[in-house]
Amino acid sequence: MTTETGSGTDSGRVKMVGPVVRGLDSNLAEAVITAIEMDNPDADVEVDDQGGYIRIGLPNRCRMTRASLEDALGRSFHLHQLEPSLAGFAGRMKLDDDEVVWYLERQD
Amino acid sequence: MPRLPRSEWYDLTRDMNWDLTYVTEDEAFPPQLSNSFGVPAESWWTWDEPYKITYSEYVHNQAGKDAGLFSVNNVVSRSKIFDNLDPGWKAAIIAHYGAIAVAEYQAGIGEARMARFGRAAAWRNMAMFGTLDETRHGQLQTYFPYQALNKEPRLDWAHKAYHTNEWGIIAARHLFDDMFTANDAVSMAIQLTYTFETGFTNLQFLGMAADAMKVGDIDFGALISSIQTDEARHAQQGEPTIKVLMKEGKVDIAQNLLDRMFWRAWKLFSLLTGLSMDYYTPLEHRTHSFKEFMTEFITKQFIDQFRDFGLEKPWYWDQLLNEMEWLHHAYHLGVYYWRPTAWWSPVAGAGPAEREWLEEKYPGWNASFGKYWDVMGENIRAGHPELTLPETFPMVCNACQIPVCTPAGYAAGYLDSPLPRILDFEGRRYTFCSEPCQWVFEQSPDQFKGHLSIIDRFLGGVIQPPTIEGALAYMGLSPEEMGQDGTNYAWAFEGHPAPAAERKVG
């Protein structure tokens, strides 16, 4: 059973961030996982496949570049084309031409 | 296609903010439609969405989403998938369509209000996409059920529900009117796009998509997860709105707007998603319990996000965690017992295997909630299913509009008192199911005080004749539409083999 304190902080818990990809787009999800592994070499990428959605997560900061994703897909890809597969995400999201970052800043 | 990288021209093409000279700011942005909370116009212009998209990208993406979705739908709608769905899953999707489809059109009204009265051009642009999104969701979620109308007439409630006074719809309408139909653009950005869409819609639209794929309802899974990709984008109107308010020192306003809607959303999702996940989804296809999905999407993912903006957990956090243990079990008992008042046919989900699962996910369930199902099972086996049906109505909360379940929470050991909360205000007595519901009412009494709950209408003579039959007619439920036991009482005979063999499940 999950127990959390009623108030104050969850400082003991690692905050995971990253995309939640639609389960129907598993090819893209595979490429996203590969790209995130390439772009975050020091972190263990957690993948939780729920069938209907695939949650991909890293602690605190998760970066994915367009170049890595194109490598993994083997074709040209604009990051705004992620949207039809991006059912949600954990953390906050910053998207520009060349990379997307999911992140959280607060420490406690 | 433009030759410059998008980032070099995006802001320029997006930002068309006007210095007003012919009209006052209040004339252009009436506070009722767009409450500035005292933040000056130029500060609102710093509003910057984290999730940027151009109109041509939007159209391209949306066309692709529909092409993908309809390729699934074209195949599936000609198959036997719907006929073969488990009765519990049918209850879940029929409840979903009735509660959600027309509300999506209403959300489109809300987005359109932000597209006109949002306080920065960038924001109005995002909200314009949101308006188109919500229109898409309304169309999809009325069209998909329409395709199976010849197999299940209750799917008509996808369109009909919000045009009735069915009690669950009164509750949903009361919530959604507060959240968007009757809300101002700034509050809406925090209450609809942030609290509701960044937080709670994930439960129903992603949690249920996970279950749908396990059940084999690919059509529904593809539909709701595709809708959620729109939500993930336009929900991003919340973050920059919160940032502007925070920068101007309006943290209390942002926190208050969040706290009010977070609690209200919890109540409705407990009713809709809680029952669907923990009782209606066939046991072998459940991915997580409702409480586990709440923990994943709300008490971790969502709370991490709003704390990152400098907001804090709502003051009633302990009460939320408390209700997560028991509230939807009580709601399920009530909906099953009052099943003629629902537009779907609930399944009990209380056979021996389900009970074992419930006990594992909610330790103590058998001793607290199981005992009610024991009695109903005995009555059904004794040939008296009528004893599992209502003769009167429960009290309803004057904030969330859902029946007050404090006696069940008390009996299960989660509350100190079985009594509802009472407030006498301007000569009228109001009843509430919980302290936060009363608090929500008291934050804005002039907004809520005139509303009559379904029970106020019953006791006040609005509903005639004042009988169960009169109330069912008032709710728009014909005998063919009223909910029945979804498995024709088969659950009560599981583990009692002899009579079960004679029964027909259907």
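Which residue stands opposite Glu46(A) in S3(A)? Gly57(A) does. Before I go on, this is a predicted model, where local features need pLDDT of at least 70 and side-chain atom pairs count only at pLDDT 80 or more, while totals for chains, interfaces and linings use all residues. Residues are numbered from 1 along each chain as its sequence is written, and chains are lettered from A and ligands numbered from 1 in the order in which they are written.

S2(A) and strand S3 of chain A, residues 53-59, run antiparallel and are joined by 4 bridges. Strands here are DSSP runs of E with at least two residues, helices are runs of H or I with at least four, and both are numbered from the N terminus. Two strands pair if DSSP finds at least two bridges between them.

The sheet they belong to is open, has 4 strands in the order S2-S3-S1-S5 in chain A, and is antiparallel. Its edge strands, each pairing on one side only, are S2 (46-49) and S5 (86-90) of chain A. On average, neighbouring strands are turned by 15° against each other, direction ignored. Helix H11 of chain B, residues 218-234, packs on this sheet and touches S1 (16-22), S3 and S5 of chain A. Contact means C-beta atoms, placed from the backbone, within 7 Å.

Next, the other sheet. Three strands of chain A form an open antiparallel sheet in the order S4-S7-S6. The edges are S4 (61-65) and S6 (92-95) of chain A, and the twist averages 10° from one strand to the next. S4(A) is joined to S7 of chain A, residues 99-103, by 5 bridges. Among the residues involved, Arg63(A) has Val101(A) as its bridge partner in S7(A). Helix H2 of chain A, residues 66-73, packs on this sheet, touching S4 and S7, at about 65° to the direction of S4(A).

Last, the chain contact. How many residues of chain B are in contact with chain A? The number is 40, and they meet 33 residues of chain A. On the chain B side, 14 are nonpolar (Ala, Val, Leu, Ile, Met, Phe, Trp, Tyr, Cys and Pro), 12 charged (Asp, Glu, Lys and Arg) and 14 polar (the others, Gly among them).

Key:
Axes are lines fitted to C-alpha atoms, for helices over the stretch in contact, and angles run from 0 to 180 degrees between N-to-C directions. Two residues are in contact if their C-beta atoms, placed from the backbone, lie within 7 Å.
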